[in-house]
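Please find below my comments on the model under review.

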Amino acid sequence: MQVYSHSRLSSFENCPRQFRYRYVERLPVDTESIEAFVGKRVHEVIERLNRFVERGLVPSLGRVIERFRALWSEQFQLERVRIVRSEVSSEEYRGMGERCLTNHYRRHYPFDGDESLGIEQRVVFPLDADGRYRVQGVVDRVVRARDGAIEIHDYKTGRFVPTQQRLDRDRQLALYQIGVQASHQASSVRLVWHYLLRDHVRVSTRTAAQLDTLRADTIELIDRIESESEFAPRPSALCSWCEFRDICPGAAGAPAARERAPVAARATARPAAIGPVARAAPASRAVALQLRLL
Ligand code: SF4
């Protein structure tokens, strides 16, 4: 039985042909966009930072950036990372990744405002009573806030920050809420997006009735996907970032790329709180762990 993810559902909604290439034909892809590359490296470093904090340690901002640079130079290969916006260099993209991490660090330092219940937590859950429609996802961080609420956190590295109205209709974190509620008891749940490059945090909530509607809408979408046979191309500005544009007949009719990718934004001036800090661990052990892990 197929288990659906938010990205699988979105792929179908954005372009059925892309969905077919990716999930039906499973065409091999050996490149990725620079935006995806930056996003993955930033997520890896934040995951590591969150795991440190879980153990009572807070590495310095310098160590965090050093780790990002190390991952970048280990994994960046010019021949397999696609840069659509050729006027932006890979060095500038690396700088954006560093800005994401710096903004995040300075906003949340010393990382003692809440408690992690899960980091990169996988959730798999049914949408219906029979378990015929199943969804899975990986939550960047599940949090117990100081007021007892559960929060579902998501890190974004793009420049675009959606409106509150759009976030109030967002499917991804609301789906995760259905999964997280199955394993964590909470009187209230908040959905929290961290727009790292712009240094914005956005919050939304869902009622039980809204989650029921989401379940029904998602089941309907899965039914549509499973009855689809044509998988017609749907050309758009996003074709410039599509990994199948070289083989897709629809790519020729796509409009020119718009500025969808992250671009440099001015870093928010915030007092730096840089330097090794250990919490709930002896100082010598904290320093040793910092040196080893970041
Ligand atoms: S190139 Fe455009 S139309 Fe073709 S699969 Fe990709 S997104 Fe769809």
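This is a predicted model: local features need pLDDT of at least 70, side-chain atom pairs count only at pLDDT 80 or more; totals for chains, interfaces and linings use all residues.

1. Residues are numbered from 1 along each chain as its sequence is written.

2. Helices (H or I, at least four residues) and strands (E, at least two) are DSSP runs, numbered from the N terminus. Helix α5 covers residues 90-108; at 1.5 Å a residue its 19 residues should span 27 Å, and its end C-alpha atoms are 27 Å apart, which agrees. The expected span is 1.5 Å times one less than the number of residues.

3. Among the buried residues of α5 are Tyr93, Met96, Cys100 and Leu101. A residue is buried if 20 or more other C-beta atoms, placed from the backbone, lie within 10 Å of its own. The buried residues of α5 pack against α3 (34-54), α4 (61-75) and β8 (189-195).

4. Glutamate 151 lies in strand β7 (residues 150-156). Glutamate 151 is buried because 21 other C-beta atoms are within 10 Å. Beyond its neighbours within four places in sequence, glutamate 151 contacts Val143, Ala145, Arg190 and Val192 (C-beta atoms, placed from the backbone, within 7 Å).

5. Around the ligand there are 15 residues, of which Cys15, Cys239, Cys242, Cys248 and Gly250 come nearest; a residue is near if its C-beta atom, placed from the backbone, lies within 6 Å.

Definitions and conventions: A residue is buried if 20 or more other C-beta atoms lie within 10 Å of its own, exposed if 12 or fewer, and partly exposed in between; C-beta atoms are placed from the backbone. Two residues are in contact if their C-beta atoms, placed from the backbone, lie within 7 Å.
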